[in-house]
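The sequence and the structure are shown here.

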Amino acid sequence: EVLVGYKAVRAADPDRPALDVVSHLLAAGESSRLHLDLVREHEVATAVDADLQWGIDPDLFVVDAKARPGKTAADLEARIDAVIADLGRNPVPDAELAKVKRLLRAEMVRMMKTVSGKANQLGFFETVLGDYHRLFRLDDEWEAVGAADVQRVVARYLTVPRRTVVVLEPV
């Protein structure tokens with residue numbers, strides 16, 4: 001297993017919505033870029049995930065990939081780097097961007113399905129972002145993210161100097 005952690009931003013940062021979109025472009029579902037590349041096309045991983053941690057202080061953008069038997073951490077790392085480089089180099093098609101924004105919106109709705117979920121989200125936004133009203137602007141923040149924003153945040157945050165790689169090898 002390979003964990004790649006990139007130094008990212010705090011939850012209240014203006015670049016956070018674009019990084020949310022990037023995490024979903026990379027690893028939300030079987031049609032995501034990392035899944036298609038690492039799991040299906042190159043068959044170096046059995047599973048892959050990406051997530052931007054939301055914190056009061058700057059947090060991590062994490063990519064996690066589990067190697068297929070016979071594949072190495074170097075194989076995983078090379079493919080992760082290639083997929084991220086492509087995302088930073090080439091504009092995301094509008095249809096793909098729209099799809100991940102729908103996924104983000106659906107996740108938000110699912111988190112607020114219950115009274116407890118709503119209360120947790122309101123409390124989280126008040127504590128971490130300093131204003132519970134930001135919860136109600138979240139969809140607009142994601143919707144405003146364009147292909148150029150994706151390329152910009154990938155080039156700024158998902159770079160080799162900003163990352164730490166952890167390799168977990170079974171004993």
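This is a predicted model: local features need pLDDT of at least 70, side-chain atom pairs count only at pLDDT 80 or more; totals for chains, interfaces and linings use all residues.

Two packed helices are described by the angle between their axes and the distance between the axes. Helix H3 spans residues 73-89, and helix H2, residues 33-41, packs with H3 at an angle of about 145 degrees, the axes being 10 Å apart. The crossing of these two helices, H2 and H3, is right-handed. On the H2 side, the contact is formed by Arg33, Leu34, Asp37 and Leu38, which meet Leu76, Arg79, Ile80, Val83, Asp86 and Leu87 of H3. Classified by residue type, this contact of H2 with H3 comprises six nonpolar and four charged residues, with no polar ones.

Alanine 78 also lies in helix H3. Its relative accessible area is 44%, and alanine 78 is therefore partly exposed. Between alanine 78 and leucine 38 the C-alpha to C-alpha distance is 9.9 Å, although 40 residues separate them in sequence.

Helix H3 packs with H1 as well, at an angle of about 130 degrees and with the axes 11 Å apart. H1 and H3 are therefore oblique to each other. H1 passes H3 in a right-handed crossing. Val22, Leu25 and Leu26 of H1 make the contact with Val83, Ile84 and Leu87 of H3. The residues of this contact of H1 with H3 comprise six nonpolar, no polar and no charged.

Helix H7, residues 147-157, has Ala147, Val150, Gln151, Val153, Val154 and Tyr157 buried. The cover over these buried residues of H7 includes strand E1 (2-7), helix H1 (16-27), H3 and helix H4 (94-111).

How values were computed:
Residues are numbered from 1 along each chain as its sequence is written. Side-chain values use heavy atoms; hydrogens and water are left out. Axes are lines fitted to C-alpha atoms, for helices over the stretch in contact, and angles run from 0 to 180 degrees between N-to-C directions. Helices (H or I, at least four residues) and strands (E, at least two) are DSSP runs, numbered from the N terminus. A crossing is left-handed if the near helix is turned anticlockwise from the far one by less than a right angle, and right-handed if clockwise. Contact means heavy atoms within 4.5 Å. Ala, Val, Leu, Ile, Met, Phe, Trp, Tyr, Cys and Pro count as nonpolar, Asp, Glu, Lys and Arg as charged, and the others, Gly among them, as polar. Buried means under 20% relative accessible area, exposed over 50%, partly exposed in between (1.4 Å probe, protein chains only). Angles under 35 degrees count as roughly parallel, over 145 as roughly antiparallel, 65 to 115 as roughly perpendicular and the rest as oblique.
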